Amino acid sequence: MKRLHQNITAENVNYDLIIIGGGATGLGTALDAASRGYKTLLVEQSDFAKGTSSRSTKLVHGGVRYLAQGDIALVRHALKERGLLQQNANHLVNKEAFLIPCYDWFSVLKYLAGLSVYDWLAGKYSFGKSKYFSKRETLSMMPGIKAEGLKGSIRYYDGKFDDARLAINIAQTATEKGAILLNYTKVTALLKDEKGAVTGVETQDALTGSRASYSARVVINATGVFVDDILQMNNPNSKKMVRPSQGVHVVLEKSFLNSESALMIPKTSDGRVLFAVPWHNHLLVGTTDTPLNEHSLEPRALKEEVDFIMNTASSYFTRKPLESDILSVFSGLRPLAAPTNGDGNSTKEISRDHKLIVSAKGLITITGGKWTTYRRMAEETVNLAITHADLEPKACVTQNLTIHGSLNHKGTHHLDIYGTDRDKIEALMQQTPHLRQKLNPAFPYTEAEVVWAARYEMAETVEDILSRRLRILFIDAQAAKDMAPKVATLLARELSADENWESDQIETFNKLADGYIYHSSPKTTNPALAN
């Protein structure tokens, strides 16, 4: 999958659907539409999954929290989609054991009963049965958990995945089905006919500066927290559909819990849920839920959010994590569908389900939802597009559509995350032996993976490689900075770029990475916070 620069071939096609947004929802919609046989174009202003879709808690789940809130339908649908996602992207979606530590006997009964309902709702898509474990058994499975007062734990099962990697694999699958995908292509205006109906988009290539126009029967606005920006292109007076909610994660050494199981803290000091999940041989701890008034591609964690995570972890971990232990801190903005009335300042009152509407003639907007349900959201979006644009009806086929790379083999080699592409990367290393060299002695990632991402995964920048193809920035920000020069050299060679480009890439990436290295600050407020 190589990058297609804006060109006359793509520009002169009359598409059935144009999708704006290359995150989970947009890519899923492109795959759904293309696999039905519709002429499909997707444009993304940056790299695929640059925003929220690469910044999740890495869970494929039904949502235990939503079950507690009584949203049975949402949980049931999500559990089905969890099962389908494991079936269709088996190389990426893994069953994960979660332990809920219980420090009183009422909690043991409450969580075992609730999670038994969770298991029952999964039906044939169940990942395993919930079970109680004694204090001794719990400490054996998770030595890093605080033992004082512990009555035992409840183990349940959910899914874990690499979000950005899945996004790339969905993009690859969509192109294999005939979709045209343009990254680093920003929509600058909507095209309209004499009656005001939306008929296409005007774009600018962020890398070359070239401009182009594309026409379609219907345009899909799947831009996450940026949906209101597109809606205001159509109507400057349109009401906001989205209330962004910031979720922050910190990454620590895996030794803090010393377990292959994940920790689920069901009720924190502010009534929310916190997870500590083993991920890429590190420990991902999060998340927060802070309502904001502003959105950006690179949101930054607030001190009070990091403090909340660290303080909560400290009350459950045997070894108290310090700020100096934070290897990376990253933030994502959830595009929660905003309430139409009442007080929306609390994210507890904002819909966790998706919202799908016809925003104008020729323009459909999809927002909200979560990674687990991306396929179902895409199906509903294309179904609405068919009706709205009077397209020839064609049935959805994604329920049993294999995602690029899917492989039943479950191994522990770091290249197994590529699924069926692992053999091709190893063949590349065999053809060019020096590409076996590691980017950093502390990590398994090789030069071959950089070359592979540039040739076949539309990676255009050092950030694309270290943030979303190899995930180093999200795991250890300083290590990512250390790798940047070598990655820039490899990428420059693949893209036929000069030394000035190489230097600019290193400088740009280092500035970005500094925002992932946590520095304590007295700042506790942010102008983007909801009032």
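Which side chains meet in a salt bridge at 3.5 Å, N to O? They are Glu-507 and Lys-511. This is a predicted model, and the contact is computed from it. Both residues lie in helix α16, residues 499-514. They are four residues apart, about one turn of the helix. Glu-507 has 44% relative accessibility, so Glu-507 counts as partly exposed. Lys-511 reaches 58%, so Lys-511 counts as exposed.

**Salt bridges**

Side chains of opposite charge can pair when their charged atoms come close. The count here is 30 salt bridges. Three of them are tabulated.

| Salt bridge | N to O distance |
|---|---|
| Lys-50 and Glu-463 | 2.5 Å |
| Arg-334 and Asp-289 | 3.0 Å |
| Glu-507 and Lys-511 | 3.5 Å |

Take Lys-50 and Glu-463, which form a salt bridge. Lys-50 lies in the loop between β2 (40-43) and β3 (59-60), and Glu-463 in helix α13 (residues 462-469), so the pair ties together parts that are 413 residues apart in sequence. Both residues, Lys-50 and Glu-463, are buried.

Next come Arg-334 and Asp-289, joined by a salt bridge. Arg-334 belongs to strand β16, while Asp-289 sits in the loop between β14 (282-286) and β15 (290-291), so this pair connects parts 45 residues apart in sequence. Arg-334 is buried, as is Asp-289.

Shared partners also build a network of salt bridges. Its members include Asp-47, Lys-50, Arg-55, Arg-165, Glu-298 and Glu-463.

**Aromatic pairs**

The whole structure holds 12 aromatic pairs. In one, the rings of Tyr-118 and Tyr-156 have centres 6.1 Å apart and planes at 90°, so the pair is edge-to-face. Tyr-118 is in helix α5 (residues 105-122) and Tyr-156 in strand β6 (residues 152-160), so the contact ties together parts that are 38 residues apart in sequence. Both tyrosines, Tyr-118 and Tyr-156, are buried.

Phe-330 and Phe-474 form another edge-to-face pair. Their centres are 4.7 Å apart, with 70° between the planes. Phe-330 is in strand β16 (residues 328-337) and Phe-474 in helix α14 (residues 472-475). The pair links distant parts of the chain, 144 residues apart. Phe-330 and Phe-474 are both buried.

Tyr-118 and Tyr-156 also belong to one aromatic cluster with Phe-98 and Phe-275.

**Charges over rings**

Phe-474 has a further contact: the charged end of Arg-471 sits over its ring, 4.7 Å from the ring centre. Likewise, the charged end of Lys-394 sits over the ring of Tyr-38, 4.9 Å from its centre.

Definitions and conventions
Residues numbered from 1 in each chain as written. Predicted model: local features only at pLDDT ≥ 70, side-chain atom pairs only at ≥ 80, totals over all residues. Heavy atoms only, no water. Phe/Tyr/Trp six-rings, centres within 6.5 Å; stacked < 30°, edge-to-face > 60°. Helix = DSSP H or I, 4+ residues; strand = E, 2+ residues; numbered from the N terminus. Buried < 20%, exposed > 50% of the residue type's maximum accessible area, 1.4 Å probe, protein only. Lys NZ or Arg CZ within 6 Å of the ring centre and 35° of its normal. Salt bridge = Lys/Arg side-chain N within 4 Å of Asp/Glu carboxyl O.
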